[in-house]
Amino acid sequence: MTPQQYVQQKAVASGSSFYYAFLFLPAPRRAAITAFYAFCREVDDVVDEVSDAGVARTKLAWWQAEVAKAYAGQPTHPVMQALMPHTADYGIEQRHLQAVIDGCQMDLEQTRYLDFAGLAQYCHLVAGIVGEVTARIFGQTDEHTTQYAHTLGRAFQLTNIIRDVGEDAMMGRIYLPVSELQQFDVKAHEILKRQYSDRFTALMKFQAERAHRTYDEALALLPVADRRAQKPGLMMASIYRTLLREIERDNFQVLHQRIRLTPLRKFWLAWKVQALGRM
């Protein structure tokens, strides 16, 4: 299997909404984003799939060293071998990849966030930086697009947090800020035991409203000059925001299941943005 085949397989197997936005890109940009996405999946999987925290730290340290070696001209992992030919063309810097790893390390160091400011820093590393890189690959021409990309990445991560409350609880993680749990009188043990309540629903409505505000903020920040180039990001925004609305319609039944959109619906939403320019 070539490095290019490896990253393609990684992207397809994930079933991610991001994959549907990649389909409409020209081949060179599609190759770059597929390799970058595969990198993000590799390091994220270390945290999600390795139960021993010590082993996970060792693996992330290996990735830190691998990134450094790759930028020194000696990539050994197929993901880095697939990604490195694109780094110069799209301004993908070593600091970007190291920041993504730093965000994954945060998952090993803490399972709670006292307030939204702390959570926002986590979102910056695991989603904002990813947004910055993807905007460059999509064809960013205006420096102000970086702020849009960071904000949209945060909106995606806030949506993920809402969707994954139950799955995260099974791993002992609660990303909902402690101060907001207290505000709505929701106890951590209720989430860990996956117990629904009117208080929990009110808390989740609060989370969803903030996510929607973040989408609106991001879209307002996108410069007109880059709107066409950033269509893949707008496709992802359409898919993720539709998912958020589905979760709202299902009254936030996220503790015992993971609410999803079908592949066909994701493709339709992406195509609508591509062909009609509508979200």
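A residue counts as buried when its relative accessible area is under 20%. The views below show a predicted model.

**View 1. Thr 242 in helix H13.** Thr 242 is part of helix H13. Its relative accessibility is 10%, so Thr 242 is classed as buried. Apart from neighbours within four places in sequence, the residues in contact with Thr 242 are Leu 261, Arg 265 and Leu 269.

**View 2. Helices H12 and H13 side by side.** Two packed helices are described by the angle between their axes and by the distance between those axes. Helix H12 covers residues 198–221 and helix H13 covers residues 231–249. Their axes come within 11 Å and cross at roughly 160 degrees. An angle over 145 degrees counts as roughly antiparallel, and H12 and H13 are therefore roughly antiparallel to each other. The crossing of H12 past H13 is left-handed.

**View 3. Residues where H12 meets H13.** From H12, the contact takes in Ala 208, Ala 211, His 212, Tyr 215, Asp 216 and Leu 219. On the H13 side they meet Leu 234, Ala 237, Tyr 240, Arg 241, Leu 244, Arg 245 and Glu 248. Of the residues in this contact, eight are nonpolar, one is polar and four are charged.

**View 4. The largest nonpolar core.** This core contains 93 residues. Phe 36, Phe 39, Met 80, Leu 176 and Ile 191 have the most contacts inside it. Helix H7, residues 116–138, gives the most to this core, with twelve residues.

**View 5. Surroundings of Phe 39.** With neighbours within four places in sequence left aside, Phe 39 is in contact with Trp 63, Val 67, Val 79, Met 80, Leu 97, Val 100 and Ile 101.

Note on methods:
Residues are numbered from 1 along each chain as its sequence is written. This is a predicted model: local features need pLDDT of at least 70, side-chain atom pairs count only at pLDDT 80 or more; totals for chains, interfaces and linings use all residues. Side-chain values use heavy atoms; hydrogens and water are left out. Axes are lines fitted to C-alpha atoms, for helices over the stretch in contact, and angles run from 0 to 180 degrees between N-to-C directions. Helices (H or I, at least four residues) and strands (E, at least two) are DSSP runs, numbered from the N terminus. Angles under 35 degrees count as roughly parallel, over 145 as roughly antiparallel, 65 to 115 as roughly perpendicular and the rest as oblique. A crossing is left-handed if the near helix is turned anticlockwise from the far one by less than a right angle, and right-handed if clockwise. Contact means heavy atoms within 4.5 Å. Ala, Val, Leu, Ile, Met, Phe, Trp, Tyr, Cys and Pro count as nonpolar, Asp, Glu, Lys and Arg as charged, and the others, Gly among them, as polar. A nonpolar core is a set of buried Ala, Val, Leu, Ile, Met, Phe, Trp, Tyr and Cys residues joined through side-chain atoms within 4.5 Å. Buried means under 20% relative accessible area, exposed over 50%, partly exposed in between (1.4 Å probe, protein chains only).
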